[in-house]
Amino acid sequence: MRRAILALGSTIAGIAVLLSFKTHGIAAAGTPAAAPSTPSGSGSSAAPAGAADAAGAAATPSPAGRTEAGAAGRRTVTGRVAQTARGPVQVELTLAGPRITKVTMLQRTDDGPLSNQIDATAIPKLINETLTAQSAHIDAVSGASYTSEGYIQSLQSALDKARA
Amino acid sequence: MQTLSSQPAARAAPHPGRVAGWRAPPGLVLAVIAAGVAGVIALWWRDTPPITGLGDELTGAGRILGLLAGYGVVVLVALMARLPPLERGIGASRLARWHAMGGRYIITIIGAHAVLITWGYAVTFHQRVSTEAGTLLTSYPDVLMATVAAGLLLGVGLVSARLVRRRLAYETWYHLHFYTYLAIALAFSHQFANGASFVDSLPDRVAWSALYATVAALVLWYRVVTPLRRLGRHRFRVAGLRPEAPGIVSVYIAGDRLEKLHAEPGQFFRWRFLARGMWWQSHPYSLSALPRPDMMRITVKARGDHSDALARLRPGTRVLAEGPFGAFTPARSRRGVVLIAGGVGITPIRAMFAAMPEPAGRRFGAATLIYRASHPRDIVFRRELDQIAASRGAAVHYLTGSRDQLGTDPLSARNLAALVPGLHRRQAYVCGPPGMTETAISALRAAGVPRRRIHHESFDF
């Protein structure tokens, strides 16, 4: 029994320490961490290659090594669930540094066969645009306004979170 | 009937303390496990962006626990994979204790992982926890399967808990444990489908899969292939039975070239008798005599369905044997020896007693065997033990009678010291039921035997 308490206690303490390091990392290097996101975030015409360069360039001069290394790693960010008239839409982004490498749909409108059909064509287009633009400044797909709107909302929230 | 028991003990007695093959030191094994934990945490660290709020904190904790659990189940299976270095260096009974402790820990962690992830997502996406739980189950890939897996693991954990365990037959418990393999398989895919550390990193997915595949291969090799190969090479079969005492029977197992197994006195095999109703389960029984190149002997007390059925085995029945296992073997030491056996715990002690070296000079005296039983009729091997003792100038003391009748526990420090000259300078080996083992160990400690010289094995699954 004593051993069980010891094991759980040290697990909790260990996790608390790990989490607090992750949190303090931001406070120490909040502004520089956001810097690399600016070129790729604002330049909607930036090609993926350019964005990758930006990530590489940002990693080199970074003073706060630990946080930068963490931020430059691969990670996934989940967007907020956007409620549309046709149901919830939610995206998950996979990022390498500031660059979006993959968009996964966690939730998509589910409002009967028509809605599904619309999504089936609209979502690949939206994802392609996102990967090219590397931002949420993308055009809605005509004929799929609900889906597009929800997608862009969720995408924006994910990017806000990723680049905070 | 066979006369294995009356073989002169000096014949080919293996060198004490020379169990063939490498023994993994327990400290090293724990260090390797800890290094794995560090690796898992590094994985989380690298793939986690800075934390920005309560939702992230909760999710972060949940992810760490999830990774630890994914790693932990593999470690737990590996501990039970019958890896020879582990079996030799740590011993089956300690491995089983580690496995049980680790199992309780991992099940707790899995529960916390599920709760924290659900709660964390609920906070991040401003949902109610119940709503978020529904979303996770229905919309996230493979989470439903993983939840079923968690339920299975929890069930296995519950039936293994001490209270429930006592009311279950060994057989039932043993079979329920197979569900852990199913659970691990079910939970595997949700790690890659949702795990932030794996979703976009092929190298990490490869490494993680390799870990799982390696352990699966080890289990398959040591728990399935090796016993079959052994059967092919040694052709184990039941040679005969001999009742030793009420409810206690010796099984003689014949085979070819058994010396190649390098079995040591004090070790055990996991036996699987290929007879109707018995072939699907294997049980650990100690060798109760020094192994001969053509014959081994085990001695079993009836206390479960399986050990009852043993008494009805027919000669010629084929046997699969996994082993030899066990670190409860005579240490490489020139010290005098005291052996303490309780009840059917005499079986490995009987084999060790026959392998004791001649007394090393007058300084330490010959080996002393103390055999505790609650009733004189429960004493087995009396004739063999007396013969061995006579041939090597060793002493045997039979302590019978229940504690109530005697008014005191005969395994007290004072009693032991009176029976065994120079007790505190000896190596001590204790084998018996858990309660008796504990009593004997504390008596030995009180009599001045240092802990490192007390070796023990409990007869408990």
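Predicted model: local features only at pLDDT ≥ 70, side-chain atom pairs only at ≥ 80, totals over all residues.
Good morning. I begin with two helices of chain B, H6(B) and H9(B). On one side of their contact, H6(B) contributes Val143(B), Met145(B), Ala146(B), Val148(B), Ala149(B), Leu152(B), Leu153(B) and Val156(B). These meet Tyr179(B), Thr180(B), Leu182(B), Ala183(B), Leu186(B), Ala187(B), Ser189(B), His190(B) and Asn194(B) in H9(B). By class, the residues of this contact are 13 nonpolar, four polar and no charged.

How do the two helices pack? Helix H6 covers residues 143–160 of chain B and helix H9 covers residues 179–194 of chain B. Their axes lie 8 Å apart, at an angle of about 145°. The crossing of H6(B) and H9(B) is left-handed.

I turn next to the sheet. In chain B, three strands form an open sheet, in the order S1-S2-S5, with antiparallel pairing. Which strands stand at the edges? They are S1 (237–245) and S5 (295–301) of chain B; each has a single partner strand, so one side of each is left without a neighbour in the sheet. From one strand to the next, the twist averages 20°. Strand S2 (residues 248–254) of chain B pairs with S5(B) over seven bridges, in the antiparallel sense. Within these strands, Val249(B) stands opposite Val300(B) in S5(B).

Finally, I come to the contact between the chains. Chain B gives 23 residues to this contact and chain A gives 28 residues. On the side of chain B that touches chain A, the elements giving two or more residues are helices H1 (26–46), H2 (54–79) and H4 (92–124) of chain B. H2(B) gives the most, with four residues. This side of chain B has 12 nonpolar, six polar and five charged residues. Thank you.

Definitions and conventions: Residues numbered from 1 in each chain as written. Chains lettered and ligands numbered in written order. Pairing = 2+ DSSP bridges. Axes fitted to C-alpha atoms, helices over the stretch in contact; angles between N-to-C directions. Contact = placed C-beta atoms within 7 Å. Nonpolar A, V, L, I, M, F, W, Y, C, P; charged D, E, K, R; others polar. Left-handed = near helix turned anticlockwise from the far one by under 90°.
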